[in-house]
Amino acid sequence: MKRLLTLFPLFLLLGLGGCSTVSGWMIGEDNAEPPTPLEEFPPERSVATLWSANVGDGIDGQAIRLLPAVGGGRVYMADANGLVVALNAENGREVWRRDLDTSISGGVGLGEGLVLVGTSDAEVIALDADNGNERWRARVSSEVLAAPQAGEGRVVVQTIDGKLWGLGAADGARTWIYDRGIPVLTLRGTSSPVLARGAAIAGFATGRLVAVLLEKGDVAWERSIAIPRGRSEIERMVDIDAEPVVVGNTVYVVTYQGRVAALNLFSGEALWEREMSSYSGLGANERMVYVTDENDLVWGLEDRRGSALWRQDKLRARRLTAPVVVDGAVVVGDFEGYLHWMSSGDGHFLARNRLDDRKVSALVAVGNTLYAAGADGELAAFRLQ
């Protein structure tokens, strides 16, 4: 349970009453399992650095997650202090930058010609993707820790109080709200919604996955991925903090202290499920599902039944990102800035390179290019040779 914090802050949070979030990444330095030392191996492939750029202060030591977003030949990135930057995806050259003069806590999202971020002050801000000009700001009910997403005339954003908002992409006006509520105690984090086939697929701290129709916010289906169990509130946490992944007509999702599951996109019917605990997340392709579990073991699961085909345990306790599938490899980043490239077939190491000496905060793959963001604002593009 390494993402939970020290006992003193936990008691403080519980004493505040109402719903509380557990922030931080570890129970406490004295109680944390030491990270596994890296072992040398003969690399089978090399990694080329296409470009590298600094895009501000990164997450600035905060317990937030900011991801790069790629679209239209550009990479968009934000930092915690309000800077949003657009770079050329091929060479990393800056196209535009905007200082929003606010604390960004969720982003970056793309769609409908917009670049979208959420703030710790309960705002959603939409910028023009072409030039960075501000289009609109919309007030929501609480802090936004997940990247808003846009499509089919709607912007969908999840707030930390368990609400899913549908806003008009043209002006940010509210069109609908879905309210799931949250348990007494949750992890500090929120799953970004995924838009697919006219619906927003969103996971909640209750362990439920919901498909909400974009036009009016009607619920297409709901499914409990994990059911809270245990005597204490900590034992009963089953948050879905990682984004669901849609491949074809299948939705893959994983919860903390619960399960990894595959569901039918249209009905929500469970195709398979197995016990698994993760807050980092998963990646998938047409053949396999890859999961970083709570102990930082990386799993390769067969996509039709969920059976384990391989497990990579040589990165235990290295605070890994979710796996990303790119060019026949599975990649994770760790707390020291290393990128670990593994065979998608059996999990053995193919290559290793380094972004910088700070934690890798997020990975995004488009085609055969991997974009890696660091906690200190470093952003780079890599390609496996």
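Glu-222 lies in strand β20, which spans residues 219-224; strands (E, at least two residues) and helices (H or I, at least four residues) are DSSP runs, numbered from the N terminus. The model is a predicted one, in which local features need pLDDT of at least 70 and side-chain atom pairs count only at pLDDT 80 or more, whereas totals for chains, interfaces and linings use all residues. Residues are numbered from 1 along each chain as its sequence is written, and side-chain values use heavy atoms, with hydrogens and water left out.

With a relative accessible area of 30%, Glu-222 is partly exposed. Here buried means under 20% relative accessible area, exposed means over 50%, and partly exposed lies in between, for a 1.4 Å probe and protein chains only. Beyond its neighbours within four places in sequence, Glu-222 is in contact with Tyr-178, Arg-180, Arg-208, Leu-209 and Val-210, contact meaning heavy atoms within 4.5 Å. Two of these residues also meet the Glu-222 side chain through polar contacts: the side chain of Tyr-178 at 3.3 Å and the side chain of Arg-208 at 3.2 Å. A polar contact is a pair of N or O atoms within 3.5 Å; within protein, one must be able to donate a hydrogen and the other to accept it, and residues adjacent in sequence count only if both atoms are side-chain atoms. The C-alpha atom of Glu-222 is separated by 8.9 Å from that of Ser-267, a residue 45 places away along the chain.

The chain as a whole provides the setting for these details. The secondary structure of the protein chain comes to 1 helix and 35 strands. Of its 385 residues, 58% count as buried. Among contacts between residues at least 6 apart in sequence, 47% join residues at least 24 apart. The accessible surface of the chain comes to about 15,300 Å², and 46% of that surface belongs to carbon and sulfur atoms; such areas come from the Shrake-Rupley method with a 1.4 Å probe, and for residues only the protein chains shown count as cover.

Not counting residues up to four places away in sequence, Tyr-76 touches Leu-67, Pro-68, Ala-69, Gly-71, Val-85, Ala-86, Trp-96, Val-108, Leu-110, Val-115 and Ala-129. One of these residues, Val-108, is found in strand β8 and is joined to Gly-107 by a cis peptide bond, with omega at about 0°.

Gln-158 lies in strand β13 (residues 154-158) and counts as buried, at 3% relative accessibility. Its side chain reaches the backbone oxygen of Ser-191 at 2.9 Å, and a polar atom of the Gln-158 side chain lies 3.4 Å from the backbone oxygen of Gly-203. Apart from neighbours within four places in sequence, Gln-158 is in contact with residues including Val-144, Lys-163, Leu-164 and Phe-204.

Glu-302 lies in strand β27 (residues 298-302). Glu-302 is buried yet has no salt bridge, and the nearest side chain of opposite charge, Arg-305, is 4.1 Å away. A salt bridge is a side-chain nitrogen of Lys or Arg within 4 Å of a carboxyl oxygen of Asp or Glu; Lys and Arg count as positive and Asp and Glu as negative, while His and the chain ends are not counted. The Glu-302 side chain does reach backbone nitrogens, that of Arg-304 at 3.1 Å and that of Arg-305 at 2.7 Å.

Arg-197, in the loop between β17 (194-196) and β18 (199-203), has a positive phi of about 50° although it is not a glycine. Arg-197 is exposed, with a relative accessible area of 56%. Gln-257, in the loop between β22 (250-254) and β23 (258-264), likewise has a positive phi, near 50°, in a residue other than glycine. Gln-257 is partly exposed, with a relative accessible area of 25%.
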